[in-house]
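Hi,

Here is the structure I promised to pass on. Have a look at it first, and my notes follow below.

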Amino acid sequence: MPTNQRTASSLLADLAPDLRAALIRVGYDADTLLEALGDPAHSALGRSEPVPVRRAAADLGELGTLVRLLLLGDPLPEPDVAAALAPVDPERAIAAGLLHRDGELLRAALDLRPLDLGHGARWVLSDLDDSMRRRALDADHVLGVGQASLSLLRATPTRHTGSVLDLGTGCGIQAVHAAGYADTITGTDVNARALWLAEATAALNELEFELLEGSWFEPVAGRRFDQIVANPPFVVGPARVEHTYRDSGLALDGASELVVSRIPELLNPGGTAAMLASWVHVVGEDWRARVSSWLPDHGVDAWIVQRDVADPALYVGTWLRDAGLDPREDDAQAKAQRWLEAFEAAEVTGIGFGFVYLRAIDGPTELLAEDLTHGFDDPLGEEALRYFERSAWLRAAAADPSSIRSARFEVDPATALERVYLPGHEGWDQRVARLHRGDGPRWQHEVDDTTAALLAGMRPDGLPLSELVELLAYSETGDAATPEFESAVLGVVVGLVRHGLIHPR
Ligand SMILES: C[S@@+](CC[C@H](N)C(=O)[O-])C[C@H]1O[C@@H](n2cnc3c(N)ncnc32)[C@H](O)[C@@H]1O
């Protein structure tokens with residue numbers, strides 16, 4: 001597909017200033033909606049239950065009209081719609097593709113919802129989903145504010161940066177978020193309809209995006225960015241495209257492999273990428289080895305976080321429902337059959353899902369791929385940046401081992417030591433001691449008494465590590481530290497620094 005820099009704006013983007021004026025006038029923003037609808041109706045919205053929302057909207061005047069029109073997809077009388085959307089003329093909104101006629105009534109032809117991304121009211125225009133009305137999604141369906149989109153938003157680093165690439169921008173939701181932390185934003189998509197909506201989303205938020213049409217990295221060939229975000233069409237299955245928002249046309253985890261392997265070429269030195277990805281678990285292969293094989297040998301520090309693993313049947317059922325299909329219907333059963341056969345043929349036992357963070361470095365590629373499948377709420381974006389800072393310190397320390405020995409360390413204020421006792425022959429036996437980080441990804445490390453004593457001695461203005469090691473060795477053996485003892489302690493220190501349980505000072 002030829003690369004195409006969009007120049008002429010659409011009727012929908014032209015409508016955006018008047019539409020924005022209407023949304024602001026009526027108070028169609030995330031905070032006002034939550035307050036006006038109240039918690040029960042707002043929660044019902046999230047559960048796809050229209051009736052409580054419609055009842056709450058009945059008393060909300062023009063705001064209620066917009067809730068019914070835009071969030072519930074109700075057909076409404078033209079005068080009500082015209083009043084709530086003023087100064088937008090309904091005929092212009094129909095011509096622009098925002099509304100359509102349903103007999104005497106008007107309905108929304110697009111989804112328009114407010115978002116609070118921490119930088120004032122924002123809105124996102126996308127295709128109507130099936131959350132409030134049953135509908136099967138078209139092949140070029142443009143995803144709106146979905147769970148995966150929100151999880152990437154929450155996991156994206158937001159320290160100020162120069163240029164951001166949003167690969168597969170869809171309705172532009174990640175690009176709108178990037179406007180809060182980046183100077184320039186480029187969005188690409190293979191789906192022209194997505195770019196039509198992303199352009200209108202940008203206009204509605206008075207933002208400017210560079211929007212480029214084309215497949216994968218073709219529209220930005222030869223360019224580099226300070227940060228890349230990507231929520232690619234990573235759904236794992238047979239090679240086919242039924243929906244551009246989720247299917248890549250590449251078999252199994254080919255889309256994630258392509259994006260993870262190519263992104264490093266597009267990062268400026270020191271640049272960061274944050275993306276969602278999936279990988280299959282296959283018989284006889286460790287998922288970490290699979291994902292690690294996607295990276296180039298040089299130039300990347302990678303932190304890969306597996307948040308969940310689904311069994312094939314659960315995975316297929318979930319994605320059939322996501323596309324508006326009922327797994328009991330005949331055509332859905334035929335799709336499920338083909339999908340599960342493809343998994344079986346490839347010896348897939350599960351589908352892993354999570355975040356991939358990449359940092360462009362000058363040196364051999366490093367990778368930590370780990371399971372973080374336990375529950376935690378803290379967003380990972382800032383943690384990813386700190387992870388790369390800690391990793392850079394450890395690289396420098398590995399190049400000059402004397403620096404780690406002479407460093408002083410402190411225990412992170414969120415680190416706690418937990419000792420677990422179990423009943424034994426003579427009362428309670430201590431079975432295990434664990435260090436916990438009480439924030440971020442809540443890492444835990446099992447430690448022995450030597451490590452617990454080492455941490456008890458760490459102070460920012462205290463002894464350097466080499467002297468702590470000597471003291472420890474003396475207290476345990478009455479002798480100087482052997483090289484084996486010292487290297488065991490250094491190994492533990494490296495692991496604890498990497499997870500932010502202790503910090504060099
Ligand atoms: C899961 S959606 C993500 C949309 C949006 N960025 C978000 O976070 O909600 C994936 C997007 O990638 C786009 N896409 C699919 N195949 C692509 C390709 N070969 N090259 C570029 N974009 C593609 C789809 O059109 C869709 O907009």
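Which residues in α4 meet which residues in α5? On the α4 side they are Glu62, Thr65, Leu66 and Leu69, and on the α5 side Asp80, Val81, Ala83, Ala84 and Leu85 (contact means heavy atoms within 4.5 Å). By class, this contact has six nonpolar, one polar and two charged residues.

Before you read on: this is a predicted model, where local features need pLDDT of at least 70 and side-chain atom pairs pLDDT 80 or more, while totals for chains, interfaces and linings use all residues. Residues are numbered from 1 along each chain as its sequence is written, and side-chain values use heavy atoms, leaving out hydrogens and water.

Back to the helices (DSSP runs of H or I, at least four residues, numbered from the N terminus). Helix α4 (residues 61-72) packs against helix α5 (residues 78-85) at about 110°, their axes 9 Å apart. That makes the two, α4 and α5, roughly perpendicular (angles of 65 to 115 degrees).

Another pair is α16 (residues 449-456) with α18 (residues 483-498), at about 70° and with axes 11 Å apart. Thr450, Thr451, Leu454 and Leu455 in α16 meet Phe485, Val489, Val492, Val493 and Leu496 in α18.

Now the ligand: 18 residues surround it, and the closest are Ser149, Gly168, Gln174, Asp189 and Trp216 (a heavy atom within 4 Å). A ligand nitrogen is 2.8 Å from a polar backbone atom of Gly168.

Cheers

Conventions:
Axes fitted to C-alpha atoms, helices over the stretch in contact; angles between N-to-C directions. Polar contact = N/O pair within 3.5 Å; in protein donor to acceptor, adjacent residues only side chain to side chain. Parallel < 35°, antiparallel > 145°, perpendicular 65-115°, else oblique. Nonpolar A, V, L, I, M, F, W, Y, C, P; charged D, E, K, R; others polar.
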